[in-house]
Amino acid sequence: MADLSIDFAGIRSPNPFWLASAPPTNSGAQIIRAFEAGWGGAVWKTIGAPVLNISNRYGTLSVYGQRVVGLNNMELISDRPLEVNLREIAEVKRLFPDRAVIVSAMVESDPRAWADIVRRIEDTGADGIELNYGCPHGMSERGMGAAVGQVPEYCEQITRWVTSVASIPVIVKLTPNVTDITRPAQAAVAGGANALSLINTINSVIGVNLDTFELTPSVGGKGSHGGYAGPAVKPIALHLLSAVATTPDVARAGLPISGMGGIQTWRDAAEFLLLGATSLQVCTAAMHYGYRIIEDLTDGLSNWLDDHGFASVRDVVGLSVPRVSSFGDFDLSSRVVARIDPDKCIRCNLCYVACNDTAHQCIDLHDPAGIRVDPGYDERVNGKAVADGRPQPVVREDDCVGCALCAGVCPVDACIEMVSVPSGRESVTWSQLTREQPAVTQDWAAMERYREEVGIDIH
Amino acid sequence: MDEPRRTAPLAELLPPMTEQEAAVEANRCLYCYDAPCLQACPTHIDIPTFIRKIATGNLRGSARTILESNFLGGTCARVCPVEELCEGACVLGKDHTPIQIGRLQRHAVDHVWQRDIEIFRKGEPTGRSVAVVGSGPAGISCAGELAKLGHDVTLYEKRELGGGLSTYGIIVLREPVEVAQRELRSLTRLGVEVRTNTEIRTRPDLQALLARHDAVFLAVGLGAVPAMGLVGEEHVTDGLSFIEASKLDPDHLHVGREVLVIGAGNTAVDAATIARRGADVTMVYRRGEDQMTAYRHEYEFALLEGIRYRFHTQPIRVLSEHGRVTGLECLRVELGGLDASGRPTPILVAGSEFVLPCDQVITAVGQEKPALAVELGLETEKGYIRVDDDLRTSAERVWAGGDCVRVRGSASTVMAVQDGKLAARAIHADLTANAPTTTITVTPSVTGEVNHG
């Protein structure tokens, strides 16, 4: 069985799964239950400035019956008295010395206020501090949270205030609500951060009630943006993680990254690890199903590591980072086509309609005799036997651009595979091509000549 | 038999789906393109679309999608042999569980019924008039489609209640009486005049209809229940009458304690299912399990209900004492070569008489061909009314559909609905092609003819 333990900037935990700073880590009693369930660590719900909360606070996105595909929250940082939180933090750390207990903090932009909170957190015996630069609502209006995270200069300055007084690791949590996340990331590095974590929640309005016309959630009839999380944000989180992990300043500084944003299963977790996360934070999945999900998270991750011959979770961190590239470096001569396995195909023909209406019209329907037929039916024929004579989708590979839409919509696992085929062309990237033949990027006639020369046919 | 008497109420067997249940099931549908369920449905309801509308919460739109293709969507949702049709063709059936299309359809149609919503309005009046004879599924379907197109429709029904087999012949466990009555209400709201207790019996009756209406659609169903030629047959309960009594007067339904049902078709299974609510029931069939005409799922349902089967058994005599049935004398049967229907010929084994004790014998061995066809002077085909692809009979301005023309295919509600729809389309085309014209003035020197086209 693979070793799941991690060392994150000196913070140790028996597995990489931490509960993110959020409602699941609101109190000592909750975190004790989470640790009893097996969580490797917890980032305490942000403590700091006094706040008042509103009701209600959450909005959820359902997609065709699947609940909580996304979760939007308008809850602020902890509304429990600072003293109570600090006392419970100390108690939890005393009871669970092997778990990572990290405290998220957010105070006014004043070096004395930060120095004070850092001292009080260190007095609890906590393993680290996470600076909440991401809270997108309620706190940002008061010059905290995202208001800091969105301005690299503030980000660097406050990080420096904290790192200059802290003796425990300082993690800077980045907001996704910026145009270029690598700039606050670099600012955090410059400010002396020991680690980064991302992503915080994304600005969102979850929906509008079609009967009352109120926004969801509605606070006495009024609504506002909140912070979006859950499975729907995972692709955005993976992108921002890959962007930060490949930022040279971050890479040079060797800062570990705590990845989060839509981690629901061990599969999601493994993807974050491969793209450079060392520890993983989870919130929405726990809010949907409870702390018990940790069992499959650790069990599944361990089995996956075993299946791939990895002895430790540390061995997979960042394995996919070297594959992060960009359009200019893609091989334009790499070619794949879709291939439909007729034995697995259930003839729902969703690939056919997707390709025909919205992609490249390269899937045909063939009747059982292999003759190309149009969709449609004979009005005078009926009965379940129609399923036997049903046409089968077949890819015209010569015309297939390999877009993979069909494979995406196919409801049967591994029925449509994208298969590499020789293009017959020499490898060339867009960057190379534009260096060698700049005319093709500016003149359609030149582009047409180039296509003809190398044998690229666009139908 | 020591089993307690079953006293399960006579009510619809499948419960309605809850909103949540329907939403979960609707979301399981793949929304296939050019879907096989749509093709398999004899009325070609756009099933993926109506299910998607359930998933999006557009229940009224869902009902519209259903009812546009099938005016009797509420009935068909309950009585269709979905295992043989839409659900049997579902792509998820192969290695999974097909979508419960029938129950979802019922959910959508019930939604508008419970809110008393009418989906359709009578079309712009065409000034043409059609008589529909018989208010079973084919008749209701045809009348509904014609009214939507703006024709004046009069629906003639010989019995006291409209609905035909839906009202009188489908057991409550599948379709309560109210369902067909609700469909008839939709008809009357479309302006269809329903005349019950009015029978079309003779050629002059038909001529009278043709004199009053521009077209006639005959949906007269099948004929009488045939005699079996049993000795003591007067003590036998007719299966269709038994089912009818169970629907319309269940409190006075006579059910024995030890019931034999002769026959192995769907009506026989239905009658047995009703009897089983209070009795030990054995079905008696002269051929074997493989030759039963009942749908496989009906047979399996009967087994689950605890109904027993006695195959290769030919009844010959009903035994009785003082007018009370005491048993059924039968002969053993061996199966010989294939007959014209492709099934093995039953051969009676001489001297093999034996008696099955019972206190009630119910028969369900089919109905005779529609005798009315000959009476009305229509050409027939193997006893059924002969029609062309547009359901047109040999008589001018007369169309026919439903069981009375079912020389090919299976006699089922949904096939009758489709007949009614196709006939309505053909009648409409015919009537509008010869639309009455009052404003055309013609100069004789041009053609000398009035073109009503």
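**Exercise 1. Describe how chain A and chain B meet, starting from the salt bridge between R425(B) and E379(A).**

*Solution.* The side chains of R425(B) and E379(A) meet in a salt bridge, with N and O 2.9 Å apart; a salt bridge here is a side-chain nitrogen of Lys or Arg within 4 Å of a carboxyl oxygen of Asp or Glu. The model is predicted, so local features need pLDDT of at least 70 and side-chain atom pairs count only at pLDDT 80 or more, whereas totals for chains, interfaces and linings use all residues. Side-chain values use heavy atoms, with hydrogens and water left out, residues are numbered from 1 along each chain as its sequence is written, and chains are lettered from A and ligands numbered from 1 in the order in which they are written.

Step 1: count the bridges and polar contacts. The interface of chain A and chain B holds 2 salt bridges, and 12 residue pairs, both at pLDDT 80 or more, are in polar contact across it (a pair of N or O atoms within 3.5 Å; within protein, one must be able to donate a hydrogen and the other to accept it, and residues adjacent in sequence count only if both atoms are side-chain atoms).

Step 2: take the extent. Chain A gives 26 residues and chain B 30 residues to the contact, meaning heavy atoms within 4.5 Å. Together the chains bury about 2,300 Å², of which 53% lies on carbon and sulfur atoms; buried area is the accessible area (1.4 Å probe) that two parts lose on being put together, summed over both.

Step 3: find the main contributors. On the chain A side, Y64(A), Y377(A) and K384(A) lose the most area to chain B, together 26% of what that side buries.

**Exercise 2. Describe how domain 2 of chain B and domain 3 of chain B meet.**

*Solution.* Domain 2 of chain B covers 129–223 + 368–431 and domain 3 covers 233–363, bounds that come from an automatic or database domain assignment. Their centres, taken over C-alpha atoms, are separated by 31 Å.

Step 1: take the extent. In this contact, 16 residues of domain 2 of chain B face 12 residues of domain 3 of chain B, and the two domains bury about 1,100 Å² between them, 60% of it on carbon and sulfur atoms. Y168(B), I171(B) and L173(B) supply 45% of the area that domain 2 buries against domain 3, more than any other three residues.

Step 2: list the polar links. The rule finds 3 salt bridges across this interface, and 7 residue pairs, both at pLDDT 80 or more, are in polar contact.
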